[in-house]
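Please take a first look at the model below. The notes that follow walk through a few of its parts.

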Amino acid sequence: MKKFDYLLFLPNHGEKKLVVLSGAGISQESGIKTFRDSNGLWENHDIMEVASPEGWRRNRALVQEFYNQRRKQARACQPNEAHKILARLEQRFNVTIITQNVDDLHERGGSSHVIHLHGELSKAQSSKNPNLVYPMEGWEIKEGDCCELGSQLRPHIVWFGEPVPKMEEAIDHAASADYFIVVGTSLQVYPAAGLIDYVPKKAKKFLVDVVIPNSALTKDVFCIEKRASEGLKHLESVILGEL
């Protein structure tokens, strides 16, 4: 791992662009289980049963109930200190959050510009036209809830085998970053993990996670091997200390 003591000599940033790629580790501190546990399951379900178009076609009721429960769980959770730290950084930086998470904890934590690569639990979409997306008031999508085309509503989640429609937008932000922070993910989930390859060479790159993969050490990344809230608190104090 590389030391980042040189940060003490950073110049005044003004409105420099800070881009954050966040993963399951930041939501885990709020009580939301990670997408894939060590046993390969998500909330005791095979992932392909609940996160693929094939699973939807095989058992629509199971998929709807699974996401209804995830939505209900997420609504009961609260943003943690890591979410709040990222929101505070907007006072000094132009901040964009690119998240792999489908909860809305970043928004509830105060962040104003969040890009959800894998969709959002708080929205529903047409099962016929994925461009028809609707905000939800409650936590439940019921059988018979239809879009304006008369098609059943489904979770607004990017499933395996489906395109990631906001990837190009995320790449544009990564490519214009002055600072790029990866938090709560070990850069193993693609295509999101590939965003770091678009970050300008002159940008400062950081990885905050409880486990630092060897692959990160070859990408000129300054690593902080701590959980999200603890690592971001340390990084915040170092970056802002000399502004």
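## Helix α4

In α4, the buried residues are V63, Q64, F66, Y67, N68, R70, R71 and A74. The model is a predicted one. The helix covers residues 60–76, which makes 17 residues. From its first C-alpha to its last, α4 reaches 25 Å. That is close to the 24 Å expected at 1.5 Å a residue.

An α-helix has 3.6 residues a turn, so residues three or four places apart point the same way. Among the buried residues of α4 are V63, Y67, R70 and A74.

## Aromatic pairs

How many aromatic pairs does a search of the whole structure find? The search finds five. One of them joins F66 and Y67. Their ring centres are 5.1 Å apart and their planes stand at 85°, so this pair is edge-to-face. F66 counts as buried because its relative accessibility is 2%, under the 20% cut-off. Y67 has 0% relative accessibility and counts as buried too.

Y67 also pairs with W159. Here the centres are 6.3 Å apart, with 40° between the planes, and the pair is tilted. This pair links distant parts of the chain. Y67 is in helix α4, while W159 lies in the loop between β8 (153–157) and α7 (167–174). The two are 92 residues apart. W159, at 2% relative accessibility, is buried as well.

Ring pairs tie W56, F66, Y67 and W159 into a cluster.

## Charges over rings

Two arginines sit over rings of this cluster. The charged end of R70 is over the ring of F66, 4.7 Å from the ring centre. R70 is itself one of the buried residues of α4.

R154 lies over the face of W159. Its distance from the ring centre is 3.7 Å.

## Q125 in strand β6

Now turn to a strand. Q125 has its place in β6, which spans residues 119–126. Is Q125 buried or exposed? Q125 is buried, because its relative accessible area is 6% and the cut-off is under 20%.

Which side chain does Q125 join through a polar contact? The partner is H156, and the contact is 2.8 Å.

Notes: Residues are numbered from 1 along each chain as its sequence is written. This is a predicted model: local features need pLDDT of at least 70, side-chain atom pairs count only at pLDDT 80 or more; totals for chains, interfaces and linings use all residues. Side-chain values use heavy atoms; hydrogens and water are left out. Helices (H or I, at least four residues) and strands (E, at least two) are DSSP runs, numbered from the N terminus. The expected span of a helix is 1.5 Å times one less than its number of residues. Buried means under 20% relative accessible area, exposed over 50%, partly exposed in between (1.4 Å probe, protein chains only). A polar contact is a pair of N or O atoms within 3.5 Å; within protein, one must be able to donate a hydrogen and the other to accept it, and residues adjacent in sequence count only if both atoms are side-chain atoms. Rings of Phe, Tyr and Trp (its six-membered ring) pair if their centres lie within 6.5 Å; planes under 30 degrees apart count as stacked, over 60 as edge-to-face and the rest as tilted. A charge sits over a ring if NZ of Lys or CZ of Arg is within 6 Å of the ring centre and within 35 degrees of the ring normal.
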